[in-house]
Amino acid sequence: MSPLSGQNILLGVTGGIAAYKAAELLRLLRGAGAEVRVVMTPAAAEFVGPLTFQALSGHPVSSELLDPAAESAMGHIALARWADRIVVAPASADVMARLRAGLADDLLTTLCLAATAPVILAPAMNQAMWQHPATRENAAVLRQRGICLLGPATGEQACGETGPGRMLEPAAILAALITAEPSGRLAGVRILISAGPTREAIDPVRYLTNRSSGRMGYALAAAATAQGARVSLVSGPTALPRPDVERHVAVESAAEMAEAVLGLAPASDIYIGTAAVADYAPAPSADKIKKDADTLTLTLTRTRDILAAVAGLPERPFTVGFAAETRDLETYARAKLAAKRLDMVAANAVGAGLGFEVDDNALHVCWPDGETRLPTAPKTVLAHQLLDLIADRYHAHHPAQDPR
Ligand code: C5P
């Protein structure tokens, strides 16, 4: 059965250059079995013609609030009742402000106000607009009211700037809609995630580190928040913007990461260790090391294995480890599962365009009595798929909390 079959999705398209991506999203939603009706704001129709959406959805596009023809067919209240979910993609800064204020000055905002169905927004706007205090506040209030925000992603923008504000890719939005229950399957679950590399000081100006970008951990943090979880993110140094999480703890060294994670783990339901923690660290020199000698020898000492320490806690959270391997992925993953007594391991191959510092990844996921493969996809998509597997296994351990 198609994952969204039987679902009525109202797709709201607002004015922004990302409106063209909504056509691809519509195609994907229909491919996943959903019945889709499209509502456009007048500004959206300036970017993409309604005929595109009419052809792709197989239904006329609605845009006027007071349209006698539409009211005699499927009027706005009937459309609000028809929808199982309302997905606004792209959601402009303007529509977020109007939704926050509870305005009903066009068909889309009226429907959002009239509908009892869950509302999901995929914001898209210039990075300065997204980071403006007004938009931040609007996003926070909408979230508090139970509206789910997917994204935005960070990267190059149509206006030539770089930063947070790009609409999440249609495939990532689809993955979120497929995996996230309308109510949020991980609603209220406390998830602790460690992400990024660590930096081990050699002296006051030098350090040892690794190629981890933090992207997988940050994608998981965003996806878990979108699914209603209460997320704490312990992050080594990354170039990524701080995601919207309940708690963000910035650390540098493996020792600092161990202290932060082990401090938070007892009050967490799930721990996901995506961080690439240094396995060895030097004893840092108090002064800058001078280049007097021809060779320099560093003595490195094993760091604490944070993941194994969390898994060894008397009241441990459901513990998920990552394994980056260059060969024999499955064998090492299963060995790690047993050796560290984990509940789940997500293993990925590193090298050849996969793993570190890239947007795509593929995962081999195993747990004590099962395994599955998540094929190559953007990390934002994989994050939702992996969380779904984690939610399955976590709820199998705690059936009373599963909203399914
Ligand atoms: O044993 P290995 O380093 O390959 O395992 C990788 C997993 O262990 C990752 O989930 C990583 O976050 C975690 N790890 C850790 N502390 C270390 C080393 C690795 O938590 N010191």
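**Grounds for each description**

Author: We may begin with the ligand: 14 residues lie around it, and Gly 273, Ala 275, Leu 307, Phe 322 and Lys 336 come nearest. A residue is taken as near a molecule if one of its heavy atoms lies within 4 Å of it. This is a predicted model, in which local features need pLDDT of at least 70 and side-chain atom pairs count only at pLDDT 80 or more, while totals for chains, interfaces and linings use all residues. Residues are numbered from 1 along each chain as its sequence is written, and side-chain values use heavy atoms, with hydrogens and water left out.

Reader: Why are Glu 137 and Arg 100 called a salt bridge?

Author: The term requires a side-chain nitrogen of Lys or Arg within 4 Å of a carboxyl oxygen of Asp or Glu. The closest N and O atoms of Glu 137 and Arg 100 are 3.2 Å apart, so the pair qualifies. Glu 137 belongs to helix H9 and Arg 100 to helix H6 (residues 93-101), 37 residues apart. Helices (H or I, at least four residues) and strands (E, at least two) are DSSP runs, numbered from the N terminus. The structure holds 17 salt bridges.

Reader: How do you know that the chain has domains, and what lies between domain 1 and domain 2?

Author: The bounds, 8-179 for domain 1 and 190-401 for domain 2, come from an automatic or database domain assignment. In contact (heavy atoms within 4.5 Å) are 13 residues of domain 1 and 9 residues of domain 2. The two domains bury about 880 Å² between them, 65% of it on carbon and sulfur atoms; buried area is the accessible area (1.4 Å probe) that two parts lose on being put together, summed over both. Helix H9 (133-144), strand S5 (148-149) and helix H10 (170-179) each give two or more residues to the side of domain 1 that touches domain 2. H10 provides the largest share of that side, 5 residues. Across this interface the rule finds 0 salt bridges.

Reader: What makes the bond between Ala 89 and Pro 90 worth noting?

Author: It is a cis peptide bond, with omega about -5 degrees, and Pro 90 is found in strand S3 (residues 85-91). Another cis bond joins Gly 151 and Pro 152, with omega about 5 degrees. Most peptide bonds are trans, and most residues other than glycine have a negative phi.

Reader: Which phi does Asp 328 have, and where does this residue lie?

Author: Asp 328 is not a glycine, yet has a positive phi of about 45 degrees. Asp 328 lies in the loop between strand S16 (318-325) and helix H14 (329-339).
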